[in-house]
Amino acid sequence: MIGILLIYWIWKAFSNLAIENDKNKWKYFFIGLGSYYGITFLAAILYVIIIAVINGIDALDDESYYNSGLDFVFAILAGLGCYGVYKFLENKGLEEKELLRKEGIDSIGLAEEN
């Protein structure tokens with residue numbers, strides 16, 4: 001149930017950002033969703049590699065290296081990564097708006113004075 005709420009929050013935030021920047025909201029939603037699940041997957045793979053390097057490959061069969069707290073840690077890392085992608089897209093949108101405002105059609109024929 002929490003996963004469904006999380007997907008809704010990601011959709012809502014990224015869709016609003018896309019609307020603010022005049023972009024396709026579904027594209028931004030899939031970027032947000034992909035960043036969340038991609039970072040979760042990469043964090044899990046990195047954890048498995050670290051366990052394999054430190055304790056050997058045979059340690060991967062041992063269930064004592066997994067607990068539900070790891071899922072929580074992976075979810076937090078993924079949330080932070082998703083927030084980072086959101087802020088990146090937000091800043092990119094602000095820069096594009098500034099560039100359009102600066103070099104828009106209204107500025108044709110006007111000379112900037114320094």
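Is S35 buried or exposed? S35 is buried, because its relative accessible area is 11%, and buried means under 20%, exposed over 50% and partly exposed in between (1.4 Å probe, protein chains only).

**Ground rules**

I am working from a predicted model, where local features need pLDDT of at least 70, side-chain atom pairs count only at pLDDT 80 or more, and totals for chains, interfaces and linings use all residues. Residues are numbered from 1 along each chain as its sequence is written, and side-chain values use heavy atoms, with hydrogens and water left out.

**Entry: overall fold**

I listed the secondary structure next. The protein has three helices and zero strands. Helices (H or I, at least four residues) and strands (E, at least two) are DSSP runs, numbered from the N terminus. Along the sequence the pattern reads α-α-α. Of the 114 residues in the protein, 23% are buried. I also checked the contacts (heavy atoms within 4.5 Å). Among those between residues at least 6 apart in sequence, 61% join residues at least 24 apart.

**Entry: back to S35**

S35 sits in helix 2, residues 25-55. I found a polar atom of the S35 side chain 2.7 Å from the backbone oxygen of G32. Not counting residues up to four places away in sequence, S35 touches C82 and V85.

G38 counts as partly exposed, because its relative accessibility is 28%.

**Entry: helix 2 against helix 3**

I took the axes as lines fitted to C-alpha atoms, for helices over the stretch in contact, with angles running from 0 to 180 degrees between N-to-C directions. Helix 2 and helix 3 pack at about 140°, and their axes are 8 Å apart. Helix 2 and helix 3 are therefore oblique to each other. Angles under 35 degrees count as roughly parallel, over 145 as roughly antiparallel, 65 to 115 as roughly perpendicular and the rest as oblique. The contact is made by residues including S35, Y36 and Y47 of helix 2 and F74, C82 and V85 of helix 3. Helix 2 passes helix 3 in a right-handed crossing. A crossing is left-handed if the near helix is turned anticlockwise from the far one by less than a right angle, and right-handed if clockwise.

**Entry: helix 1 and its partners**

At what angle do the axes of helix 1 and helix 2 cross? I read roughly 135°, with the axes of helix 1 (residues 2-20) and helix 2 coming within 8 Å. Helix 1 and helix 2 are therefore oblique to each other. Helix 1 passes helix 2 in a right-handed crossing. Among the residues that meet here are I10, W11 and F14 in helix 1, and W26, F29 and Y36 in helix 2.

I then turned to helix 1 and helix 3. Their axes come within 10 Å and cross at roughly 10°. Helix 1 and helix 3 are therefore roughly parallel to each other. Here I10, A13, F14, L17 and E20 of helix 1 meet C82, V85, Y86, L89, E90 and K97 of helix 3.

**Entry: W11**

W11 is in helix 1. W11 counts as partly exposed, because its relative accessibility is 23%. Leaving aside neighbours within four places in sequence, W11 is in contact with W26 and F29. The C-alpha atoms of W11 and F29 are separated by 5.2 Å, though the two residues are 18 apart along the chain. I noted that W26, F29 and F30 form one aromatic cluster.

**Entry: aromatic pairs**

How many aromatic pairs are there? Rings of Phe, Tyr and Trp (its six-membered ring) pair if their centres lie within 6.5 Å; planes under 30 degrees apart count as stacked, over 60 as edge-to-face and the rest as tilted. By this rule I have seven aromatic pairs. Y36 and Y37 form an edge-to-face pair, 5.1 Å centre to centre with 85° between the planes. Y36 is buried at 9% relative accessibility, whereas Y37 is partly exposed at 42%.

The Y47 and F74 ring centres lie 6.1 Å apart with the planes at 65°, so this pair is edge-to-face. Y47 lies in helix 2 and F74 in helix 3 (residues 68-102), so the pair ties together parts 27 residues apart in sequence. Y47 is partly exposed at 25% relative accessible area, and F74 is buried at 12%.

Notes:
A polar contact is a pair of N or O atoms within 3.5 Å; within protein, one must be able to donate a hydrogen and the other to accept it, and residues adjacent in sequence count only if both atoms are side-chain atoms.
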